[in-house]
Amino acid sequence: MAKGQPQRREDTWTPLQNRRTESNTKMKLTRCGKIILGILMTVIAAVVIGLIVYFVAYGKTPYYYHISFKVNNIDYDSKFEKSYSQEYMDLNKKIVSLINEIFHGSKLRRQYVKSHIVQVSRAQGKVIIHTVLKFKSCYKNSAAKFGDKIKTILQQKLKGETGSLCIDPSSFKFSGCGQRTITPSGNKVAGGLDAEEGEWPWQASLQWNSVHRCGATLISNSWLITAAHCFVNDNDPKEWNVSFGLLLSDPQTQRSIKDIIIHENYHYPAHDNDIAVVHLSSPVLYTSNIRRACLPGATYTFPPNSDVVVTGWGTLKSDGTSPNILQKGLVKIIDNKICNSREAYGGVITPGMLCAGYLEGRVDACQGDSGGPLVGANSKGIWFLAGIVSWGDECALPNKPGVYTRVTYYRDWIKSKTGL
């Protein structure tokens, strides 16, 4: 993806290119009719009220936030790394109890759902607690304002002696999924522009023998999601590593890979089920420039013609050169019916696929972008993963938009493999 020559998905294999690199009797009858009508009206009203309550309470996308802080009076113990250990469970109980107490006594008690530790790390012999908080979204607030309220409450409460815990307030950090630390000027992007530092913090580079092969998306501090076809010829986790950062030549963080899980019904060279998850050897720590994208629920929709963004280090045109700096391209969701037209892909687009781009061409992913993210923001500015760069006919050709693995279609599969 670059100026004038946006791009797409893959590495070296192509057929329809993988992009790897929705009277008395009357009176009685009348009274009876009124009674029945009254009962029906009551039932209908109860159902309507019930539905309203349900959607108000549960029909919104939840917010997830990550916090971390150091506990000065707890010495680090390697047993904290094992979630099944008694030490970990005792620590988790203390932290969860503390967070519950904070929010149950706050103005956000109705929005707060739960919390749990996702990682325990070490700093000067003491523990750093990394915790995920879940909230019901609130339509009255933008995501930023809602997050600010949560952060303020925590900063006020997580100071010094807090029950049996002595917390270092200077160590407190706060972040949420699908949120960026920067907002580009005008919040607009175009095909082939260089990305900015921290603009797409969930983007990762999958590297085979230290050479970039595919993109991937961070969906938790331990899991990535990518395309299955990235591993057709090489699926040994020991030969792969992951890097995060704007530049391929200057990664901010790197990790080796513990496990690669490919969809069991993926059969190359077919394009169906082109999805895989990658388990990192050790969790990454969230920073201003490394954060996870939000996974949409199975019923979440990305409407046709809505704006989405594809990112990656793929070639600037078919068989072209690859950039060192992450590229970004603004594209549109294209309805599957249009994408399946005779002029486009002629009926090969399945429900597990998603098309995005422009029928006139212009902006697309290209070779080397495979496995990378296609993301869309909701009304509150939270970014959700819509698709995974999968395949297409060359790059940016008219009537040949990019084809992506539809994340919502595989939501249950993702949960079954990662627990997310």
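These are my entries, in the order I made them.

**Ground rules.** I am working with a predicted model, in which local features need pLDDT of at least 70, side-chain atom pairs count only at pLDDT 80 or more, and totals for chains, interfaces and linings use all residues. Residues are numbered from 1 along each chain as its sequence is written, and side-chain values use heavy atoms, with hydrogens and water left out.

**Annotated site.** I looked up the UniProt record, an unreviewed entry, and found "active site" at His-229, Asp-274 and Ser-370. These three cluster in space, with a largest C-alpha distance of 10.2 Å, although they are spread over 142 residues of sequence. I kept in mind that UniProt positions are in the numbering used here, that feature names are shortened, and that annotations may be inferred rather than shown by experiment.

**Asp-274.** I found Asp-274 in the loop between β11 (253-262) and β12 (276-280); helices (H or I, at least four residues) and strands (E, at least two) are DSSP runs, numbered from the N terminus. Is Asp-274 buried or exposed? Asp-274 is buried, at a relative accessible area of 0%, where buried means under 20%, exposed over 50% and partly exposed in between (1.4 Å probe, protein chains only). Beyond four places in sequence, the contacts of Asp-274 include Asn-18, Tyr-266, Ser-390 and His-229 (contact means heavy atoms within 4.5 Å). I also noted a polar atom of the Asp-274 side chain 2.8 Å from the backbone nitrogen of Ala-228.

**Ser-370.** This serine, Ser-370, sits in the loop between β15 (353-357) and β16 (373-377). Ser-370 is buried too, with 0% relative accessibility. Its side chain makes a polar contact of 2.6 Å with that of His-229. For a polar contact I need a pair of N or O atoms within 3.5 Å; within protein, one must be able to donate a hydrogen and the other to accept it, and residues adjacent in sequence count only if both atoms are side-chain atoms.

**Strand β3.** Next I turned to β3 (residues 126-135), where eight of ten residues are buried. Ten bridges join β3 antiparallel to β1 (residues 63-75), and ten join β3 antiparallel to β2 (residues 112-123); strands pair if DSSP finds at least two bridges between them. Val-71 faces Val-127 of β3, and Tyr-112 has Phe-135 as its bridge partner.

**Barrel.** Finally, I traced a closed barrel of six strands, β7-β8-β9-β12-β11-β10, with antiparallel pairing.
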